[in-house]
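Here is a short briefing on how one protein chain is put together. Please look over the sequence and the structure first.

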Amino acid sequence: MALCITNTMSGKKEPFVPLTPGTVNMYVCGVTVYDQCHIGHARALLTFDVIHRYLRFLGFDCRFVRNFTDVDDKIINRANEEGIAPEALAQRYINEFHRDAAALGLAEPTVEPRATEHIDGMIALIAALVERGHAYAVAGDVYFAVESFPEYGRLSSRSLDEMTAGARVEVDDRKRHPMDFALWKAGREGEPFWDSPWGRGRPGWHIECSVMSTRYLGQPFDIHGGGQDLVFPHHENEIAQSECGTGKPFARYWIHNGFVQLAKEKMSKSVGNILSIKEVLERFDPVALRLYMLTTHYRNPIEFSEEGLTEAQRTVARLYETASRAERLIGPSPDGAAESGPMDDFRGEMDDDFNTPRALAVVFEELRAVNRLLDEGHTRALDGRRNGLRAMTEALGLMQAPPERFLEERRRSGLARLDLSEDEIRRMIEERNAARRVKDWGQADGIRDALKEKGVLLRDGPSGTTWELAE
RNA sequence: GGCGGCGUACCCAAGUGGUUAAGGGAGAGGUCUGCAAAACCUCCAUGCGGCGGUUCGAAUCCGCCCGCCGCCUCCA
């Protein structure tokens, strides 16, 4: 089965055929850098990280561009409030973004362009639009004339009439049509500006993505992605600008991820229910967050759930413990050949519009199979299955560190939150094992309970007693 | 008002016309263990918001109703 993708443009699942065999060009709208990223951003980031990883897993040479929008009204307003330069504010949040991205374990994009580095390209595209009669200048502003593009509204499947009827559209006499949008904004005092044929000013919101995507990927390119909320107006406007400016089609497959909800509600500033990535990662493992996100299909809404994250945390430990057990028994061989049956199943599910919930079902079945073989000490059969499990979890970005190192790190960071040292735990385990040797079960169980009270769980195995932290 | 999505077991969540409705968690029983824990094994929805309809056959298609959510304004 070949890869199929639900294309927002058609609303249907379509076989994915890249423009150039073996290569995928993908652009994903990044963030406007004026504030901390929240878990809604995390979902979009993780969704496209998994898509990116999976495309590479399939062997595609995947060129992945994710931008920063670093000139915008919100940035200017926020910078003014803080009394600092917009550039400084943007840089601060670009730095913050990079920290979050690293914490989330995102694979690096091929290019990470900034809007302010592409002003020339934007001016050129706007000039082309004016020349072709798709845009008009009014007192230093330049607007896109939506009526000049019959296809306008196709992505979001609505017509200009539907958009205007009863919609909350601001009245602006300078616009020819209420839905016309700004390509270029005349500069005001105290704002960043660039010289242009229409005077000093700055770009409108959508033009930067039209320019940066095609600058690095050509036009048309294969995949354009982003959050569901960008379908209209952002992506609709990008299409209008790019197709009218060049006369060529823009992006071929449109992918949009669903929202993160908080208490059944969309997370938004106005509701005041924002949860930053940082806050969440202070309490939950990034891999657990990733796993949790993947348990719901990327197009569906997902509820932020403490219970769900805690459960995911447990599952991540299970995954790494099994991988670690296997390494101890048969050694590491992450590049070894994988058992083909389960891998085919996994690919079949992922090929079906990146159906991660089903792909995870395969992962869990393999996890059980590997544990069974481990229990039986069946080393010969183990190798292929273990390699397969490893390959699947790596393709999803769930396994990014050697298992033992991950578990060690997890213990260390968890321990930092308890008033207990590793030595102390070892000492108590020693004490308990001494009691066990003389069959003083009361004393042994007492020590175990005391540790459990502190959040340390003991496990007696044939090769001694190990411990782990409760979630 | 216009456009779109969702409602599946105690919880999360796939499945969108056809043998037994994935998977995870919880729960029950079992193997192992001094007892636990972990791991493994077994069980756990004749039913998929409700009511009609189409069909040999529907969670899956159609209609109506109920409930929830998103977009139409900055938003991942």
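The points below cover domains, sheets and helix packing.

This is a predicted model, in which local features need pLDDT of at least 70, side-chain atom pairs count only at pLDDT 80 or more, and totals for chains, interfaces and linings use all residues. Residues are numbered from 1 along each chain as its sequence is written, chains are lettered from A and ligands numbered from 1 in the order in which they are written, and side-chain values use heavy atoms, with hydrogens and water left out.

**Domains**

- Chain A is assigned domain 1 (4–133 + 154–164 + 210–266), domain 2 (304–404) and domain 3 (418–469). Such bounds come from an automatic or database domain assignment.
- The centres of domain 2 and domain 3, taken over C-alpha atoms, are 30 Å apart.

**Parallel sheet**

- An open sheet of four strands runs in the order β4-β3-β9-β10, with parallel pairing. Helices (H or I, at least four residues) and strands (E, at least two) are DSSP runs, numbered from the N terminus. Two strands pair if DSSP finds at least two bridges between them.
- β4 (61–69) and β10 (251–257) are the edges; each has a single partner strand, so one side of each lacks a neighbour in the sheet.
- Neighbouring strands of this sheet are turned by 20° against each other on average, direction ignored. Axes are lines fitted to C-alpha atoms, for helices over the stretch in contact, and angles run from 0 to 180 degrees between N-to-C directions.
- Strand β3 (residues 23–32) pairs with β4 in the parallel sense over eight bridges. N25 has R63 in β4 as its bridge partner.
- Helix α1 (residues 39–57) lies across β3, β4, β9 (221–227) and β10, at about 165° to β3.

**Antiparallel sheet**

- Another open sheet has four strands in the order β5-β6-β7-β8, with antiparallel pairing. Its edge strands, β5 (135–138) and β8 (201–203), each pair on one side only.
- Strands β6 (residues 141–144) and β7 (residues 181–186) pair in the antiparallel sense over three bridges. F144 stands opposite F181 in β7.

**Helix packing**

- Helix α10 (residues 306–330) and helix α14 (residues 403–416) have axes that come within 8 Å and cross at roughly 135°. They are therefore oblique to each other. Angles under 35 degrees count as roughly parallel, over 145 as roughly antiparallel, 65 to 115 as roughly perpendicular and the rest as oblique.
- The α10–α14 contact includes Y320 and R328 of α10 and F406 and R410 of α14. Contact means heavy atoms within 4.5 Å.
- By class, the contact of α10 with α14 has seven nonpolar, two polar and five charged residues. Ala, Val, Leu, Ile, Met, Phe, Trp, Tyr, Cys and Pro count as nonpolar, Asp, Glu, Lys and Arg as charged, and the others, Gly among them, as polar.
- The axes of helix α12 (residues 356–376) and helix α13 (residues 379–395) come within 9 Å and cross at roughly 150°. α12 and α13 are therefore roughly antiparallel.
- Among the residues in that contact are V362 and L373 of α12 and L389 and M392 of α13. The contact of α12 with α13 has eleven nonpolar, one polar and three charged residues.
- Helix α15 (residues 422–437) and helix α16 (residues 441–453) cross at roughly 160°, their axes coming within 7 Å. That makes α15 roughly antiparallel to α16.
- In the α15–α16 contact, the residues include I425 and M428 in α15 and W441 and I447 in α16. This contact divides into eight nonpolar, one polar and four charged residues.
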